[in-house]
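Hi everyone, and thanks for coming. Please bring up the sequence and the structure on your screens, and we'll walk through them together.

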Amino acid sequence: MARTPIVVLALAVAAGGAMFGPAWASSEPAATAAALSQVAPEGVVPEGAMKVGEETVLGRTVAYTGTERQEIRQPGATYIKVHFDSLRLAPGDFVTVADPAGREVYTYHGDPTAGGARTGDSDFTRHGRKGFAAMSIDGEAAVVTLHKRSAVATRGLGFSIDRYWRGYSPDEVRANNPSFFSVCGTDARRDTVCYKTSHPTEYAKSNAVARLLISGGGLCTAWRVGATNRVLTNNHCIATQAAVSSSEVQFAYDCATCGGNNPGAGTKVSGATFYKTSPGGSSRLDYTLFSVNNFASIQQFGTLYLDVRNPVAGERIYIPGHGDGKPKRLSIYEEAQGGPLCTVRSAASDSYNMSYSCDTSGGNSGSPVLAANHKVIALHHLGGCPGNQGARINLIYNEIKDLIDNNDGGTTPPTGPRFESTADVTIADSGTVDAPVTVTGVTGNAPAALNVEVNIIHTYRGDLVLSLVAPDGSVYLLEDFTNNDSVDNVNKTYTVNASGEAANGTWKLRVQDIANQDTGKVDSWALQF
């Protein structure tokens with residue numbers, strides 16, 4: 001078989017002799033032409049976003065000459081993102097940009113902003129000038145290759161790269177963001193994969209959370225919301241169609257092993273359509289709702305739903321996000337693993353927010369704050385120990401409810417008061433324990449659909465029988481696990497018809513361990529009226 005001729009771009013940069021030059025193409029966004037005519041100013045990182053990279057102007061033109069393949073490398077860079085101001089190729093020819101190992105590859109048959117994209121071409125972003133930017137390549141090196149398939153005349157064809165962005169090293173991130181820090185005491189965050197076994201639901205829910213790269217050099221967190229193509233982040237991260245069009249949303253940027261610092265590139269899509277933002281920036285609700293291109297590629301990561309009720313002081317929460325621009329971490333404990341869980345400090349710290357001491361840092365802006373029922377109750381946006389703050393999601397929901405599908409297939413979520421215990425209760429081998437929750441201030445009887453949220457850590461849940469005990473001693477069986485159910489832990493919400501019981505009083509979650517060898521604890525449980 002005859003070899004395909006290859007021409008490779010090599011970009012030498014005077015500063016330190018470093019070599020730059022990643023590139024990639026993309027499919028045409030689904031947003032309207034009018035919306036996409038608004039594009040982000042070149043090189044501008046929105047105020048409030050963490051700065052994780054910088055732009056350098058560069059003029060390089062490549063025509064159809066030469067066959068040398070070269071690597072483009074910037075030692076210490078965490079990503080390279082290239083802007084093409086021209087890409088004109090012969091029919092059938094295309095450009096690819098890849099990391100040296102070929103794990104991350106982007107393909108372009110022409111300039112997608114000028115009608116040159118073909119089906120299957122990669123995503124791209126727009127930056128307020130002629131041409132387009134390729135999706136970023138993770139790491140410090142990239143290879144740009146022109147693949148020639150056509151025998152037609154090529155005079156006047158080729159491509160031009162006028163600028164690029166390179167991602168900062170960790171030291172540079174810290175130097176450029178000295179005030180982005182809200183770790184309260186000891187930093188208890190861990191890589192999401194660390195919780196895959198001990199907190200499987202929290203781990204699974206975190207998959208819907210993504211790293212948001214804005215205008216080539218800004219960094220926040222974003223996440224899928226509801227059943228359709230909708231994504232939420234902060235207004236102080238992106239607030240216009242221009243900013244959406246310049247953004248990448250990177251899912252599955254996660255470490256493969258606990259503490260391993262070994263993330264893959266994940267799945268990157270570009271911002272598509274801007275829908276709505278809140279006025280007032282970080283001083284108010286601070287949200288922006290938008291959609292992405294190539295939505296089908298991110299549906300595998302799931303989505304999050306909103307818990308449209310008032311938060312309750314003391315209830316358990318957790319926060320997944322990309323603090324410091326790092327691979328995604330989960331904040332579940334306040335100080336140390338197995339210690340006190342993250343909880344709501346103030347359910348209404350002001351007219352818009354609730355507060356908590358769950359650890360966050362720069363880049364966590366836009367992270368979801370989830371309750372023990374694994375639905376979102378706040379949108380994180382302000383740091384400041386001991387009171388990090390999130391905009392209350394029930395207030396945001398009132399403004400975006402006509403733009404999202406928050407139906408998770410269940411019944412309408414309850415909006416009554418919620419009572420929770422986060423005190424650890426040890427489950428002894430072959431023993432029975434009661435974990436109490438005291439309900440006060442509720443008029444009349446409990447509802448016919450009382451939600452009982454249970455989070456138990458146990459090494460063999462087939463040993464367990466779970467019951468709810470009402471204040472008058474009536475017992476309602478929640479679940480009697482089969483004795484061959486060898487799965488760890490219980491993270492589940494049960495519905496009980498408790499309409500015959502007075503609401504106020506001490507309710508108990510009763511856990512019976514009916515077999516030998518395995519033990520555990522009640523991590524938390526709650527009653528949602």
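Let's begin with a bond between two cysteines: cysteine 194 is joined to cysteine 258 by a disulfide, with 2.0 Å from S to S. By our cut-off, a disulfide is a pair of cysteine sulfur atoms within 2.5 Å. In general, a disulfide is a covalent bond between the sulfur atoms of two cysteines.

Before I go on, a word on where this comes from. The model is predicted, so local features need pLDDT of at least 70 and side-chain atom pairs count only at pLDDT 80 or more, while totals for chains, interfaces and linings use all residues. Residues are numbered from 1 along each chain as its sequence is written, and side-chain values use heavy atoms, with hydrogens and water left out.

Back to our pair. The link of cysteine 194 and cysteine 258 is right-handed, with 100° about the S-S bond. It connects distant parts of the chain, 64 residues apart: cysteine 194 is in the loop between E16 and helix H3 (200-205), and cysteine 258 is in the loop between strand E20 (247-251) and strand E21 (267-277). Those labels are DSSP runs numbered from the N terminus: helices are H or I with at least four residues, strands are E with at least two.

Are these two cysteines buried or exposed? Cysteine 194 counts as buried at 15% relative accessibility, whereas cysteine 258 is partly exposed at 41%. Here buried means under 20% relative accessible area, exposed means over 50%, and partly exposed is in between, using a 1.4 Å probe and protein chains only.

How many disulfides does the structure hold? There are three. Cysteine 220 sits in strand E18 (residues 218-224) and cysteine 237 in the loop between strand E19 (231-233) and helix H4 (241-245), so the pair ties together parts 17 residues apart in sequence. Cysteine 220 is buried at 0%, and cysteine 237 is buried at 0% too.

Then there is cysteine 342 with cysteine 358, at 2.2 Å from S to S. With 90° about the S-S bond, this link is right-handed. Cysteine 342 lies in the loop between strand E24 (329-331) and E25, and cysteine 358 in the loop between E26 and strand E27 (360-361).

E25 (residues 344-346) and E26 run antiparallel and are joined by two bridges; strands count as paired if DSSP finds at least two bridges between them. They form a hairpin with six residues between them, and serine 346 stands opposite serine 355 in E26. E26 (residues 353-356) is covered on both faces: Asn353 and Ser355 on one side, Met354 and Tyr356 on the other, are all buried. E26 also pairs with strand E30 (residues 388-392), antiparallel over four bridges, where methionine 354 has glycine 390 as its bridge partner.

Zoom out and you see an open, antiparallel sheet of eight strands, in the order E16-E24-E23-E28-E29-E30-E26-E25. Strand E16 (190-191) and E25 stand at the edges with a single partner strand each, so one side of each has no neighbour in the sheet.

Next, charges. The structure holds 25 salt bridges, each being a side-chain nitrogen of Lys or Arg within 4 Å of a carboxyl oxygen of Asp or Glu. One of them joins arginine 163 to glutamate 55, with the closest N and O atoms 2.6 Å apart. This pair links strand E14 (residues 158-167) to strand E5 (residues 53-62), 108 residues apart. Arginine 163 is buried at 9%, while glutamate 55 is partly exposed at 24%. There is also a network of salt bridges linking Asp307, Arg309, Glu315, Arg418, Glu420 and Glu453.

Finally, the whole chain: it has five helices and 39 strands, and buried residues make up 56% of its 529 residues.
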